[in-house]
Amino acid sequence: MSKSAGAKVARIDVRKTYKLYVGGAFPRSESGRAYPVHAPDGTLIAHAAQASRKDVRDAVVAARSAFGKWSSATAYNRGQILYRIAEMLEGRREQFASYTDEADVDATIDRLVHYAGWADKYAQVVGSTNPVAGPYFTFSLPEPTGVVGVIAPQEPSLLGLVSVLAPVITTGNTAVVLAAQDHPLPAVSFAEVLATSDLPGGVVNLLTGFTDELAPWLAAHRDVNAIDLTGASTSARTTLQIAAADNVKRVLIPRSVDWSADPGLTRLSAFVETKTVWHPIGV
Amino acid sequence: MPFDYAPAPESRDLARLKPSYQIFIDGKFRDGAGEAIKTINPADEEPLAEVAEAGPSDVDDAVRAARRAFDGPWSAMSGAERGKYLFRIARAIQERGRELAVLESLDNGKPIRESRDVDIPTAAAHFFYYAGWADKLGHAGFGPSPKPLGVAGQIIPWNFPLLMAAWKIAPALACGNTVVLKPAETTPLSALVLAEIIAEADLPPGVVNILAGGPAIGQAIVEHDDVDKIAFTGSTDVGKTIARTIAGTGKRVTLELGGKAANIVFDDAPIDQAVEGIVNGIFFNQGQVCCAGSRLLVQESIADELIESLKRRLSTLRVGHPLDKNTDVGAINSAAQLARIRELTDVGEAEGATRWSPPCDLPERGYWFAPTVFTDVSQAHRIAQDEIFGPILSVLTFRTPDEAVAKANNTPYGLSAGIWTDKGSRILSIANRLRAGVVWANTFNRFDPTAPFGGYKESGFGREGGRHGLGSYLDV
Amino acid sequence: MTLISDRSAPDGIGQDAAGLRRFLHGLPGVDQVGAEGRAASLATRSIKTTAKAWAIDTAIGMVDLTTLEGADTPGKVRSLCAKAARPDPSDPTAPSAAAVCVYPDLVETAVTALTGTSVQIASVATAFPSGRASLATKLHDVRDAVAAGATEIDMVIDRGAFLTGRYSAVFDEIVAVKAECGGAHLKVILETGELATLDNVRRASWLALLAGGDFIKTSTGKISPAATPPVALVMLEAVRDFRERTGDLRGVKLAGGIRTTKEAVRYLVMVNEVAGDDWLKPALFRFGASSLLNDLLQQRHKLATGNYDGPDYVSLD
């Protein structure tokens, strides 16, 4: 570096605009709204996009159009992509540690690797051949249920988000995620990880904004097949469940969650259908 | 003017051949106590590299290292962490795919098209698949927390050198075992490069040990007191010897042995695809495949038509240099194997079967054998009974489904079989009655890490691949 | 209906609609996965240096340079004809295209523009691309094109009739069109994208061959998917098998969606290995395309100069 005359001037940071993630692109909210996000000490960190019901609508359209290809991708391929997401996140450990802490980031990466491994094993564990009493070969297989609405937990902002999202897409569903209202920034940055991980656009759509405003639209949307209410407030859950009943959505209301424990099969099984096939046996 | 494809050779330099290769024990490369041998390129009989073979003392060192690793860091590690090592290996194989493919074709003689499109990607996929099991063993159907066996001795053949190493190592490590692996004497190179990959992946020393060597080293592994499990892929004769050797020792064993698979074609089969399947079934890897569809059983009503189509198709097969990207059929792996193929085909002619090969110019040097079809074969012929392990198809006919099943099962082997028909219920019915561990319907020679593979009868026991493959490495 | 009078009929076809139906449904099935696998495997052939040079020139000579737009004008067609006759003005060794392909009302323009060249004049007729018109209208369409000087007629089959199993209706229509063609060659467009299954492609191929089509052609280019490798495979098997049974050689034209030299060379490999090298000539194999020609020319430049070419070095059309 050359010695320059004059006083040293601090470099001016380039700050990031936090936007939505829909259909593989990063749009602002169609409403043009944003809301301030504060650190625990009250200082302003950034303004996040405040999604509207129309953004929910657009996100569902994107998720639906991505469903055909993602659900019919080979399980091997989905596993590779989930693993790729873990690799990309590993490369940005420091950035994410600044939102939360290193242990949280490490646990998140390991969780993605965990689900990457499930992609081509889940059907082997829950599928079956059925020894029916007759000359028929019958088997039962899990299939993704479709578009899943996910209300991400408020805490832990990164591990919680990935722990609810990864199982949804592992089995071939596509997702519309409402990020934690008070901690939306890790979610937006995580969308950047997704966008650089060979994950097809539209498989995951991520909205930031006010949960109480958006969740009812998601719960009532007739082209959403299931909804995860993990991040919905206890008081809102019953209303959302009633709205979800309109098109018989599958609803996941978890009991208390230990985010650090082995997640088991619960979340994978919440958003699959079982299909049984019969075929005669005879020459 | 006919469309002659110009040579399209893959560059030999991609293999990054070294003048010499060492064995891998306790995380370190070293010269073996045995003599150094030259591994040769079967396509031209030129030496490729020198390999320091292991001696009996190396086997002991390797087993001790494996035991230390098993008792030490490997058992203490969580499944998730073990899995991450396996993911690393999978990724490294993917990254070095082209190098490994060229190396494999040089050492084995198989066409680069196969090593590039089948052997190497499937090997990586095996590591990837079993990596994901390491932290999920409690879901595999063997109880809530199944335990590994300990030190596994693994002996693999020369027909799919890297892929067989992956089939053996990946499930063993996923389940928490440590391994001592011996590649075949004629094809040690890709396994020793895999050792490099394993070293670069920073696996704890001793978790994987790889010894080059011949039958004596294999025997030393089988006989070693501190080996808990033997996994062997190879000939039925050696498999029987291993089974006798371990009798009374309490060692676990899985055997994947020979085969004489029937490929059954019914008169309603999708003929063009059946022809492809027959070709793939017996000429894939020059027929040096234990599950090769070496017996074609065709329904008499379509036999002439099918054989005609088959011959026409075989006339388009390109036999030649393994590194040419347009080669379909490469070199036979060794002089010994070529001699066996020649002997059995001579027997076939002497027994009265009709021999046919498409016109093809075979290179002067190297071990080559033209794709060959025998018609007028009967069940009593040796070419209908003995595993030839070469590009030789024996054609038999049948009239009814019962006859097809009876002929297909009329062998001491029971590894695989094929069924070709457009009728789904017939597929299931015939599959139910075939005494074979893998049945392909309207396809043949498909391999996937999620799908268990292994034999009935003298084709061995135990399964590799899939959830079932875990059972071969767990104390269940 | 009158079945196959002027051309060779294989054994085993009855002389009536039911016989035709039995024959088509008696053809061996096509396993989709296997056919796709075979097509993909052929696509791994590596065609380099001298073989590639030969393939590129052969492919150029097989192009039916096509414009089938509502906005076509005599000027556009004249320009296309010039390009077909002399694809590379800077290099007289570049072969001419096989044909130009235009709507019937522009055939006359093409005839004038191509006088004295080897380039054939193909015209789509029979209410292309949908084929939804009366037989009389379709035949009139064909007569117009032939009268104007078309040497090749690309007709569409009635896919509606085919999909509802009225094979003899499709058959009779082809026979009638063939009769109107006179000396012009008839290419029968199956529109495989609407036939949906490879079994249907095989049946429609045989149907068109039995009815006297000189070529079977994949697509109009107006429907996606158009020509695909598995479809091409099944059609090449059909002409191969037709020859086995009748001794008669018929052509295959792949149309729609083929834009790159790489794809064209892969199809030539498929022709070579599936039908055989007898088919590797414009009389028996064609590409219906527009942008493909420029890619072939750019690859030709690349082989000549060793450097990659750009779109500014070939003419637009």
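What percentage of the 476 residues in chain B is made up of buried residues?

1. The answer is 61%. Here a residue is buried if 20 or more other C-beta atoms, placed from the backbone, lie within 10 Å of its own. Keep in mind that this is a predicted model, in which local features need pLDDT of at least 70, side-chain atom pairs count only at pLDDT 80 or more, and totals for chains, interfaces and linings use all residues. Residues are numbered from 1 along each chain as its sequence is written, while chains are lettered from A and ligands numbered from 1 in the order in which they are written.

2. Next, the overall build. Chain B has 14 helices and 18 strands, taken as DSSP runs (helices: H or I, at least four residues; strands: E, at least two) and numbered from the N terminus. Its radius of gyration is 22 Å, close to the 23 Å from the globule rule for 476 residues, so chain B is as compact as a globular protein of that length. That radius is taken over C-alpha atoms, and the rule is 2.2 Å times the number of residues to the power 0.38.

3. Now look at helix α5 of chain B, residues 161-174. From first C-alpha to last it reaches 20 Å, close to the 20 Å expected (1.5 Å times one less than its number of residues). For α5(B), 14 of its 14 residues are buried. Just after this helix, B:Gly176 takes a positive phi of about 100 degrees.

4. Finally, where chains B and C meet, the contact takes 20 residues from chain B and 23 from chain C. Two residues count as in contact if their C-beta atoms, placed from the backbone, lie within 7 Å.

Key: Buried ≥ 20, exposed ≤ 12 C-beta atoms within 10 Å, placed from the backbone.
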